[in-house]
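Open the model in your viewer and keep the sequence panel beside it. The tour below goes from one selection to the next and says what is found at each stop.

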Amino acid sequence: MTNLTRAAFPILLCAVLALPSPAQTSAPTHGISIANMDTTVHPGDNFYLYANGGYVARTKLPPDRAVLSVFSMLDDLSSKRVAGIIEDAAKSNAPAGSDQRKIADLYHSYMDETAIESHGLAALKPRLDAIAAIKTPRELAHALGLSLRADVDALNNTNYHTANIFGLWVAPSFNDPDHYATYLLQGGLEMPDRDYYLSDSAHMKDVRAKYQAHIAAMFRLAGVPDGEARAARVLALETAIAHVQTSLADSENIEHANNPWNVADFKTKAPGLDWAEFFRAAGLDQQQTFIVWQPGAFTGEAALVASQPLDAWKDLLAYHTIEDYAVGISKALADESFAFFGQTLNGTPAQRPRNIRGVRFVSAVLGDAVGKLYAERYFSPEAKAQAQALVSNLLAAFHQRLESVTWMAPATKAEALAKLGTLQVSVGYPDHWRSYADYNVSPDNLFENIWRSNLFEYHYSLSRIGQPVDRKEWCMTPQTVNAVNLPLDNGLNFPAAILQPPFFDPKAPAAANYGAIGTIIGHEISHTFDSEGAAFDSKGRVRNWWTPEDLDHFEAATSALAAQYSTYKPFPDLAVNGKQTLGEDIADVAGLTAAYDGFHASLHGKEAPKVHNFTGDQQFFIAFAQNWGSVIRDATLRKQVLTDPHAPGRYRAETVRNNDAWYAAFGIKPGDKLYLTPKERIHIW
């Protein structure tokens, strides 16, 4: 939560500290990257460029990249390692049905373009024929039910919508966290967000015109006649769906998401869709209760099923099938799909090489099969122990900070400490692995492999409904360069792929490790108490465990943080939505503070060694800012601002302006562009 008590502001902040110049330094082997900095920039005016200006100036985006960053660099390393795992699987001649054989066959099916051209359209045809045969509203409800997939994950992957009309998420229940519940989320749009359909800006109007042309091209390339007329109907229907959907910022509000509906509620609260037939086709006809995340969208979309022409819905189903499976149908369709979603929406001129795309595809579909081999090869027990020790230090620092909070009532503080004390932390890889025994892989039919994979994941989700929760299960793979807080499990996952340089380097000074991976760990711990995490108790149940006064205090501070981020404008016509990014912004501010405390605790009262004349505190804050160094295309940045709950990296780096110690470390004073008065700085916890 928010600690608004502030230490006295030292007079040192009014003095200008002597900062090292490039001439005084050479690139260190471990720790902060001097070469990535631009020390001609005053840190108080633009700390992001001070820490990353050298990297930004010399980094040129190749045609096949939308963004380059520390994260993408490690992702490339992870992909290279996965490529080696796939190559070894292909050489092993493993027995049929084994994970290694499936890895090899799945990759081969992606790389065999001749087989794709031979099988793709033939595999698509019966799906399109079934859609074309729809004659009645009941048959439409059946087809919509058949399209339901486990392709949303609101809290672990911040994925609140799907291209299908609705999405299924099976996760611990808001109201019974010991058992898995059935969540339903909104869907129906192929473009990334409702704003792409509703915005009146000239840019978005141009995007919509290109989108309609793209839909027509996809119909034509799939051999479906009257593509232009169908495209117009699809865009009109998707626009109507966008009008009734809930925004990303509102979808993040847990209080609005906990809506238990029984089967009868769907008919009365969302009339227009034959729900009995929908659930029968989806294999959910025995399910009695659901949690409907965005009830307004369900009411609105069900009404559209009744009010919009049947042919428009058939066109939408056909187009979505073609779009979502384009890579497995033909090169022409895959290229046209990239031309719009890659070039128009992201501004990326060229696709990644096919072998890289194939590696990423296999890693996504057979994540645990690949991850088990990845963890065995690339994450030693020693590395795991070192990372676990760092996590323990951060948890201790956070515990100390909670203990010292003065504004919380004893009852609220006791709940917060209980939640922190029961936080389940998993490092590197899970204790057990998913089985792919029921997933059949063809070595030469990519379309069917994608189709079966989606059904495999869907049936796996169905099998868990009502079952006891497995709190040891991961939602990320070891080869993923990321980390996650699991509010329904009160847990954290730190995959192996992120626990390596430059984020985590056992040979780096403590200042650099705490500033880099330490702030990421602190960030994830802090999600336990962010604007979403604060709604859950220590058992993962949605419950208000706050006194009214404490909650008012917390919400006042977080509202101020949202307002701060809403002032950031990467483009003259587009600002960050501080409400949309609030949970991540809270975690950045609090994680930075916790990591700083952990860093100083690790020194045991000693002074941190200087590196290239940078003090320990300076190294810490520079390492944090260097986490977010990136070069990104304008179109990609626009999409991120509209669709991502994370603020752009440059603003995440500059959240140091809320930390008192940063001012002391760099001599930041009034008049500097990033300067905030002590009362303006937001201290979370």
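A salt bridge here is a side-chain nitrogen of Lys or Arg within 4 Å of a carboxyl oxygen of Asp or Glu. This is a predicted model, in which local features need pLDDT of at least 70 and side-chain atom pairs count only at pLDDT 80 or more, while totals for chains, interfaces and linings use all residues. Residues are numbered from 1 along each chain as its sequence is written, and side-chain values use heavy atoms, with hydrogens and water left out.

**Stop 1: salt bridges**

Select Arg138, Asp274, Glu277 and Arg280. These residues are linked in a network of salt bridges. A search of the whole structure finds 27 salt bridges. Side chains of opposite charge can pair when their charged atoms come close.

Next, select Asp206 and Lys210. Their closest N and O atoms are 3.1 Å apart, in a salt bridge. Both residues belong to helix α7 (residues 202-221), and because they are four residues apart there, about one helical turn separates them. Helices (H or I, at least four residues) and strands (E, at least two) are DSSP runs, numbered from the N terminus. For accessibility, buried means under 20% relative accessible area, exposed over 50%, and partly exposed in between (1.4 Å probe, protein chains only). Asp206 is partly exposed at 38% relative accessibility, and Lys210 is partly exposed at 41%.

Now select Asp588 and Arg652, a salt bridge with its closest N and O atoms 2.8 Å apart. Asp588 is in helix α23 (residues 582-602) and Arg652 in helix α26 (residues 649-653), so-called distant parts of the chain, 64 residues apart. Are Asp588 and Arg652 buried or exposed? Both are buried.

**Stop 2: the open sheet**

Select the four strands that form an open sheet in the order β2-β3-β5-β4, with mixed pairing. Strands pair if DSSP finds at least two bridges between them. At the edges are β2 (166-172) and β4 (260-262), each of which pairs on one side only. From one strand to the next, the twist averages 40 degrees. Angles run from 0 to 180 degrees between N-to-C directions, and axes are lines fitted to C-alpha atoms, for helices over the stretch in contact.

Ala171 stands opposite Ala181 in β3. Contact means heavy atoms within 4.5 Å.

Select Asp178 and Arg471. Their side chains meet in a salt bridge (3.4 Å, N to O). Asp178 lies in the loop between β2 and β3 and Arg471 in the loop between α20 and β7 (484-486), so the pair ties together parts that are 293 residues apart in sequence. Arg471 is partly exposed, at 23% relative accessible area, and Asp178 is partly exposed too, at 47%.

**Stop 3: a cavity and a pocket**

On a 1 Å grid over the protein atoms alone, a cavity is a set of points where a 1.4 Å probe fits but cannot get out; a pocket is an open set with protein on both sides within 12 Å along at least five of seven lines; lining residues have an atom within 4 Å of a point. The volume of the largest cavity is about 30 Å³, where a volume is the space filled by probe spheres set on the points, joined across faces, edges and corners. Which element gives the most to the lining of the largest cavity? It is β8, with three residues.

Then select Ser33, Asn36, Val70, Pro502 and Gln626. Of the 30 residues that line the second largest pocket, these lie nearest its centre. The pocket has a volume of about 450 Å³.

**Stop 4**

Select Leu333, found in helix α15 (residues 331-344). Leu333 is buried, with a relative accessible area of 0%. Not counting residues up to four places away in sequence, Leu333 touches Met218, Leu221, Ala222, Ile322 and Ala326.

Finish at Ser147, in the loop between α5 (137-146) and β2. Ser147 counts as buried at 14% relative accessibility. Leaving aside neighbours within four places in sequence, Ser147 is in contact with Asn164 and Ile165.
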